[in-house]
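Me: I have a structure here that I would like to go through with you. Could we begin with the overall picture and then turn to details?

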Amino acid sequence: PVFFEPNRVWRCYLGGLLLDTFRGGGAGVDGHFPEEWLASATRAENGAWRQGPDEGLSRIRGSGTRFADLLARHPAEALGEGTGGEIGVLCKFLDSAIRLPIQCHPDRAFARAHCHSEYGKTESWLILATREVNGEKPYLLFGFKPQATAERFRRAVLDQDVAGMCACLHRVEPSPGEVYFIPGRLPHAIGPGLLLLEVQEPTDLVVQPERRIGDVTLGDELMWGALDPATGLACFD
């Protein structure tokens, strides 16, 4: 068996209190490391906020060896014949204290066409626990409402009308034990007060057109990645 060092990853939103408790860290605190990436061979894309060149990559406990390097050296022994050392998945714990930015991720066709990646970022969430934050019940936003046209959403983004962006999406109050499937290009946002296990394609590709989240102002690199705004908005289905 292979065991890993802790692998908390910086994100633009606040969270982590429930994750600290879940992982045996006592009462826990909310901060900018609200995610734990598990057996990860995927780098985090944090732009100017990057914590180091290997952020997101798991390391083998006690050796400092990167898991990605182990897979590259021993692909068949680790994953089986024919895999080429590609694990093909990223799992993470995620704990939100504020709403994450409205976002979507490319599917594989969009990623190949615009992101130089064979993987998109289809994902799924298993809700592990919930909490109220400042009296607000946890919620999820996902999927455009029927009346939300592409032009209405584009105008809200250009005007940075956050309430207007949120009003375009369905709102759901989740419960522990529920599972949600989020295909690439589906708009969504995880609300405050949710601890979940996320299983996704192994990329950190995201389009998140809100300029400010909590105490962080996002630059274009974190909003659009390598895309221009028009192409980024076209990623939303």
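Predicted model: local features only at pLDDT ≥ 70, side-chain atom pairs only at ≥ 80, totals over all residues.

Me: How many helices and strands does the chain have?
Reply: The chain has eight helices and 11 strands. Its radius of gyration is 18 Å, close to the 18 Å that the globule rule gives for 237 residues, so the chain is as compact as a globular protein of that length.

Me: What box do the C-alpha atoms fill?
Reply: Along the principal axes, the box is roughly 50 × 45 × 35 Å.

Me: And what percentage of the residues is buried?
Reply: Buried residues account for 44% of the 237 in the chain. The accessible surface is about 11200 Å², and carbon and sulfur atoms contribute 54% of that surface.

Me: Among contacts with a separation of 6 or more, what share joins residues 24 or more positions apart?
Reply: That share is 74%.

Me: How does the lining of the largest pocket divide by class?
Reply: It has 22 nonpolar, 10 polar and 11 charged residues.

Me: What about the second largest pocket, how much space lies in it?
Reply: The second largest pocket holds about 190 Å³. Its lining includes Ala41, Thr42, Leu71, Tyr119 and Pro202, as well as residues Gly84, Gly85, Glu86, Ile87 and Gly88. By class, seven of the lining residues are nonpolar, four are polar and one is charged.

Me: A change of topic: where does Ala234 lie?
Reply: Ala234 is in helix α8, which covers residues 229–234.

Me: Why does Ala234 count as partly exposed?
Reply: Its relative accessibility is 40%, and partly exposed residues fall between the 20% limit for buried and the 50% limit for exposed.

Me: Which residues is Ala234 in contact with, leaving aside neighbours within four places in sequence?
Reply: Ala234 is in contact with Phe110 and Arg185.

Me: What separates the C-alpha atoms of Ala234 and Ala27?
Reply: These C-alpha atoms are 42 Å apart, and 207 residues separate Ala234 and Ala27 along the chain.

Conventions:
Residues numbered from 1 in each chain as written. Heavy atoms only, no water. Nonpolar A, V, L, I, M, F, W, Y, C, P; charged D, E, K, R; others polar. 1 Å grid on protein atoms, 1.4 Å probe; cavity = no way out; pocket = protein on both sides within 12 Å on 5 of 7 lines; lining within 4 Å. Points joined across faces, edges and corners; volume = space filled by probe spheres on them. Helix = DSSP H or I, 4+ residues; strand = E, 2+ residues; numbered from the N terminus. Rg over C-alpha atoms; globule rule 2.2 N^0.38 Å. Buried < 20%, exposed > 50% of the residue type's maximum accessible area, 1.4 Å probe, protein only. Contact = heavy atoms within 4.5 Å. Areas by Shrake-Rupley, 256 points an atom, 1.4 Å probe, with all protein chains shown as cover.
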